[in-house]
Amino acid sequence: MLYQNDTEPGRDGRIPEVLDLFTVIFNRAAAVEREPVDVGHGVLLYSSEVHLIDLAGRFPEENISELAKRLGVTKGAVSQTAIRLEKKGYLERIIAENDRRNVSIRLTTRGEEAFEWHQRYHKAVNGMVAEELAKLDEKEIDNLKKVLTAVGYMLESCPEVRKNLSENP
């Protein structure tokens with residue numbers, strides 16, 4: 001268990017520091033995701049709403065089912081978010097005449113403005129990260145990609161690890 005063993009040979013405590021840094025980053029990201037945002041209309045939008053607006057803007061031809069796959073959530077979750085956004089005036093739901101289960105969404109003018117705000121936001125924050133990444137050489141970038149891929153797999157496995165530990169305390 002490297003996280004608790006800061007005397008790992010040749011590592012002089014750096015691994016626990018990095019793991020602690022990941023914890024801080026994950027906590028900050030979670031805090032950002034929890035905070036609703038006003039994109040300029042005096043209406044608070046939650047991250048699930050902003051993410052759906054973003055996908056609807058980038059993939060306007062996709063229906064609720066396809067957007068749910070992209071978001072990694074259920075169709076029901078996307079449908080509920082779409083209903084809230086429709087009430088707030090950011091999108092309209094379009095129900096196919098030949099199949100009422102096939103629902104698409106289209107951004108309203110207000111939704112388009114929110115989409116543009118989100119694009120500008122990501123351009124600004126991603127630009128800060130890109131500036132730092134530009135300072136790395138090719139090997140450092142490759143190593144970072146490996147670590148981030150491993151972190152992604154780790155996060156995917158968390159529910160199973162939790163379940164196993166709960167079943168075998």
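## Close-up views of a predicted model

**View 1. Helix α4 and its buried face.** The model shown here, as in every view below, is predicted. The buried residues of α4 are Val78, Thr81, Ala82 and Leu85. Seen down the axis of α4, these buried residues fall within an arc of 105°, so they line one face of the helix. An α-helix has 3.6 residues a turn, so residues three or four places apart point the same way. The cover over the buried residues of α4 includes β2 (44–45), α2, α3 (64–71), β3 (91–95) and β4 (103–107). Just after α4, Gly89 adopts a positive phi of about 90°.

**View 2. Glu49 in helix α2.** Glu49 lies in helix α2 (residues 47–58), and with a relative accessible area of 0% this residue is buried. When neighbours within four places in sequence are left aside, Glu49 is in contact with Leu44, Thr81, Arg84, Leu85 and Lys88; of these partners, Thr81 and Leu85 are also listed among the buried residues of α4.

View 3. Not counting residues up to four places away in sequence, Ile53 touches Leu45, Leu85, Tyr90, Leu107, Gly111, Ala114 and Phe115.

**View 4. Asn63 in the loop between α2 and α3.** Asn63, which sits in the loop between α2 and α3, has a relative accessible area of 16% and therefore counts as buried, the cut-off being under 20%. The side chain of Asn63 makes a polar contact with the side chain of Asn102 at 3.1 Å. Beyond residues up to four places away in sequence, Asn63 touches Asn102, Val103 and Ser104.

**View 5. Helix α6, from its start to its bend.** At the start of α6, a side-chain oxygen of Asp137 reaches to within 3.1 Å of the backbone nitrogen of Lys139. The 30 residues of helix α6 (residues 138–167) should span 44 Å at 1.5 Å a residue, and its end C-alpha atoms are 43 Å apart, which agrees. Along its course, α6 bends by about 45° at Ser157, and a proline, Pro159, follows within four residues.

Conventions. Residues are numbered from 1 along each chain as its sequence is written. This is a predicted model: local features need pLDDT of at least 70, side-chain atom pairs count only at pLDDT 80 or more; totals for chains, interfaces and linings use all residues. Side-chain values use heavy atoms; hydrogens and water are left out. Helices (H or I, at least four residues) and strands (E, at least two) are DSSP runs, numbered from the N terminus. Buried means under 20% relative accessible area, exposed over 50%, partly exposed in between (1.4 Å probe, protein chains only). Contact means heavy atoms within 4.5 Å. The expected span of a helix is 1.5 Å times one less than its number of residues. The bend at a residue is the angle between axes fitted to the seven residues ending there and the seven starting there. A polar contact is a pair of N or O atoms within 3.5 Å; within protein, one must be able to donate a hydrogen and the other to accept it, and residues adjacent in sequence count only if both atoms are side-chain atoms. The arc is that of the directions from the helix axis to the C-beta atoms.
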